[in-house]
Amino acid sequence: MADSSSDKEKKENSKQPVYRGVRMRSWGKWVSEIREPRKKSRIWIGNLPTVEMAMRSHDVAAMSIKGTSAILISYGVMERWREEGERLRKCVNV
């Protein structure tokens, strides 16, 4: 059984950023996945070349599944999403 303190030290010494639902494969690709609400299963989002793309894809999936109660990784994504929605509503109502 692995010692939890040694696992914690490995994460702290790792040069990879740690984000919810985002991890790096051993060959350098970033993958993104999200848990289904009230289930243990995960929804595969995909393999992505950069951590930023993986973060954004996780945020988009979280917003589409959980709406405004989504926990987002990227600061300001929800605000931009709301602004875009308001802009689109104005265009439609004109």
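Colleague: In the hairpin of strand 2 and strand 3, which residue takes a positive phi near 60°?

Modeller: This is a predicted model, in which local features need pLDDT of at least 70 and side-chain atom pairs count only at pLDDT 80 or more, while totals for chains, interfaces and linings use all residues. Residues are numbered from 1 along each chain as its sequence is written, and side-chain values use heavy atoms, with hydrogens and water left out. Strands (DSSP runs of E, at least two residues) and helices (runs of H or I, at least four) are numbered from the N terminus. In the hairpin of strand 2 and strand 3, 6 residues stand between the strands, and the one with a positive phi near 60° is arginine 38.

Colleague: Why does arginine 38 count as exposed?

Modeller: Arginine 38 sits in the loop between strand 2 and strand 3, and its positive phi occurs in a residue other than glycine. Exposed means over 50% relative accessible area, buried under 20%, and partly exposed in between, with a 1.4 Å probe and protein chains only. Arginine 38 counts as exposed because its relative accessibility is 83%.

Colleague: Which residues does proline 37 touch, not counting those up to four places away in sequence?

Modeller: Proline 37 also belongs to the loop between strand 2 and strand 3, and it is partly exposed, at a relative accessible area of 34%. Its C-alpha atom is separated by 8.0 Å from that of lysine 66, which is 29 residues apart from it along the chain. Contact means heavy atoms within 4.5 Å. On that basis, the residues that proline 37 touches are Ile65 and Lys66.

Colleague: In what order do the elements of the protein chain run from the N terminus on?

Modeller: The secondary structure of the protein chain comes to 3 helices and 3 strands. Read from the N terminus on, the order is α-β-β-β-α-α.

Colleague: In what order do the strands stand in the sheet, and is the pairing parallel or antiparallel?

Modeller: Two strands pair if DSSP finds at least two bridges between them. Strand 1 is joined to strand 2 by 3 bridges, and strand 2 to strand 3 by 6 bridges. The 3 strands form an open sheet in the order 1-2-3, and the pairing is antiparallel.

Colleague: Which strands stand at the edges of that sheet, and how large is the average twist from one strand to the next?

Modeller: Strand 1 and strand 3 (42-48) stand at the edges; each has a single partner strand, so one side of each is left without a neighbour in the sheet. From one strand to the next, the twist averages 25°.

Colleague: What angle does the direction of helix 2 make with that of strand 2?

Modeller: Helix 2 packs on the sheet, where it touches strand 1, strand 2 and strand 3. Axes are lines fitted to C-alpha atoms, for helices over the stretch in contact, and angles run from 0 to 180 degrees between N-to-C directions. The direction of helix 2 makes with that of strand 2 an angle of about 15°.

Colleague: Which residue of strand 3 is the bridge partner of isoleucine 34?

Modeller: The bridges between strand 2 and strand 3 join strands that run antiparallel. One of the pairs links arginine 35 to arginine 42 in strand 3. The bridge partner of isoleucine 34 in strand 3 is isoleucine 43.

Colleague: Is serine 32 buried or exposed, and what is its relative accessible area?

Modeller: Serine 32 lies in strand 2 and is the bridge partner of valine 22. Neighbours within four places in sequence aside, serine 32 is in contact with residues including Trp44, Leu48, Ala54 and His58. Serine 32 is buried, and its relative accessible area is 0%.

Colleague: How many of the 6 residues of strand 2 are buried?

Modeller: Across the protein chain of 94 residues, 26% count as buried. Strand 2 is largely enclosed by the rest of the structure, because the number of its 6 residues that are buried is 5.

Colleague: In the hairpin of strand 1 and strand 2, which residue takes a positive phi near 105°?

Modeller: There are 5 residues between the strands in this hairpin. The residue with the positive phi near 105° is glycine 28.
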